[in-house]
Amino acid sequence: MKIPETGRAREEIFEALGRYRKNDMDWQSGRAFGYIFDPGQEILSFAKEVYNLFLSENALDFSVYPSLLQIENDLVSMMRKHLQGGQKVVGNFTSGGTESILLAVKAARDYFRKKRPEITAPEMVVPTTAHAAFHKAAHYFGIKAVTVSVDTKTFKADPDRMAAHITENTIFMAGSAPSYTQGVIDPIAALARIAQKHGIWFHTDACMGGFLLPYFKRLGRDVPGFDFSLEGVSSISVDLHKYAYAPKGASMILYRNPELRACQMFAFTRWLGYTMINPTVQSTKSGGPMAAAWAVLNYVGDKQYLAFAEKQLFAVEAIKKAIASIPELYLLAEPDMTLLSFGSDSVNVFHIIDEMNLKGWYIQPSLSFDGVPANIHLTVTLSNAAHTDRFAADLKQGVADAKKLPSGELLPHVRQIMEKQGEAILDDPASLFALAGIQGGRMPERMAPVNEVLDALPPLWREKILLQVTNAFFHPEN
Ligand SMILES: Cc1ncc(COP(=O)(O)O)c(C=O)c1O
């Protein structure tokens with residue numbers, strides 16, 4: 001494509017984009033168990049209206065847009081109360097959970113550079129269930145990530161095991177409330193106590209649960225402590241574009257006090273341009289997501305969020321029941337909120353995913369790792385609530401259909417290629433792509449072969465191959 005000499009007609013542009021969207025996941029179908037937090041038409045169109053109102057406003061400079069400073073401080077004020085933080089708790093609005101986590105890790109690194117300058121090779125200790133964003137942060141900020149296996153029954157971090165991995169270089173530890181894949185809450189109180197004892201930073205990743213868990217507690221669910229009521233918690237990430245149903249690009253990073261948060265920010269004046277002060281990663285930053293998040297929280301209100309929580313709770317119970325009724329399936333762990341994963345010893349989970357996909361459902365694979373076999377993840381949200389019966393019926397059928405398909409046939413071929421070519425395959429993975437059915441930069445109709453090939457590879461190899469695939473995909477044809 002090149003920039004057209006003269007602008008194209010609006011209708012033509014909408015038509016072209018419509019064609020581009022043809023194969024996108026239908027997020028309004030209520031059949032997506034991932035990526036989507038759909039509050040329904042009414043809230044969504046209101047959010048869009050506010051988003052558009054602030055689309056062009058720029059949070060780059062709070063002296064020029066005091067409205068955005070006020071909006072951001074209001075959001076921090078709402079969320080610190082929600083998470084039992086006192087007046088000293090401060091924070092910022094970010095583009096998403098990953099940015100919030102990146103900032104917490106960066107703040108911890110810079111805090112310890114000042115407090116403990118003798119640490120020159122900092123480390124973080126995280127459980128295997130910690131979101132990949134922590135590893136991204138470690139990669140970006142030059143920190144060694146030490147990953148600790150979780151309890152094999154509960155999938156929760158094991159405090160003793162975590163403690164055993166603390167060294168004199170450890171500056172940071174994290175736990176999730178809840179974890180993404182199995183949706184379980186780590187023993188945050190015990191972990192935060194350990195961190196406090198060792199004088200290190202503790203971060204609660206409440207990107208998924210920070211907004212919803214307080215409502216679950218009010219509904220009588222047993223929700224272990226995870227927030228600022230625990231003394232050892234230094235920072236918390238909580239996403240508004242998840243269970244607060246704000247439009248995408250909305251998360252908060254909160255700190256116990258301004259001294260910790262100060263290490264997150266960046267100011268620069270040693271150049272010939274404007275005075276730059278960036279509290280978060282972005283510099284130019286649209287006011288749209290922040291204003292829309294503010295508006296959605298105010299519009300929905302506490303009572304309706306509580307009702308949403310109840311609806312989601314019923315939905316997850318129905319889904320659990322559906323899984324329990326199919327003998328070939330098992331839950332990996334008892335979920336604490338609305339996220340869960342299930343597996344099978346007798347049916348190839350990648351085929352189940354494809355079969356469900358053919359019926360219009362989006363469910364997500366997790367590859368095998370650290371002794372845990374490949375499994376299927378579901379993030380249950382409001383829009384799924386009306387479709388749980390259909391899901392149960394389709395899952396039953398999907399498992400029956402998947403059972404009839406051949407499984408594991410690619411494994412010997414992958415092993416053979418690995419043995420014959422060794423790591424050289426990583427530089428030229430064409431034979432693996434062919435085995436997986438990736439051709440001409442296109443993914444195959446069924447993803448099972450792709451997932452099976454990936455699953456058979458050691459994780460570091462997977463990553464290298466995935467980078468190659470991505471490099472190929474993000475490449476215009478002309
Ligand atoms: C527990 C947890 N932390 C962090 C993230 C990252 O959030 P985002 O995708 O908004 O960057 C996610 C995303 O699903 C998550 O589940």
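Which residue has a polar side-chain atom 2.6 Å from a nitrogen atom of the ligand? That residue is Asp205. Welcome to a short tour of a predicted model, in which local features need pLDDT of at least 70, side-chain atom pairs count only at pLDDT 80 or more, and totals for chains, interfaces and linings use all residues. Residues are numbered from 1 along each chain as its sequence is written, and side-chain values use heavy atoms, with hydrogens and water left out.

**Around the ligand**

The table gives polar contacts, meaning pairs of N or O atoms within 3.5 Å.

| Side chain | Ligand atom | Distance |
|---|---|---|
| Thr98 | oxygen | 2.6 Å |
| Asp205 | nitrogen | 2.6 Å |
| His241 | oxygen | 2.9 Å |

Taken alone, the ligand exposes 390 Å², and the protein buries 84% of that (areas by the Shrake-Rupley method with a 1.4 Å probe).

About 500 Å³ of space lies in the second largest pocket. A volume is the space filled by probe spheres set on grid points, which are joined across faces, edges and corners. On a 1 Å grid over the protein atoms alone, using a 1.4 Å probe, a pocket is an open set of points with protein on both sides within 12 Å along at least five of seven lines, and lining residues have an atom within 4 Å of a point. The lining has 27 residues, with Ala59, Phe62, Leu69, Asn92 and Pro279 nearest the pocket's centre. Its largest share, seven residues, comes from α3.

**Backbone details**

Most residues other than glycine have a negative phi, and most peptide bonds are trans. Tyr35, not a glycine, has a positive phi of about 70 degrees and is found in the loop between α1 (10-20) and α2 (41-53). A cis peptide bond joins Ala177 and Pro178, with omega about -10 degrees; Pro178 sits in the loop between β4 (170-176) and α7 (188-197).

Key: A polar contact is a pair of N or O atoms within 3.5 Å; within protein, one must be able to donate a hydrogen and the other to accept it, and residues adjacent in sequence count only if both atoms are side-chain atoms. Helices (H or I, at least four residues) and strands (E, at least two) are DSSP runs, numbered from the N terminus.
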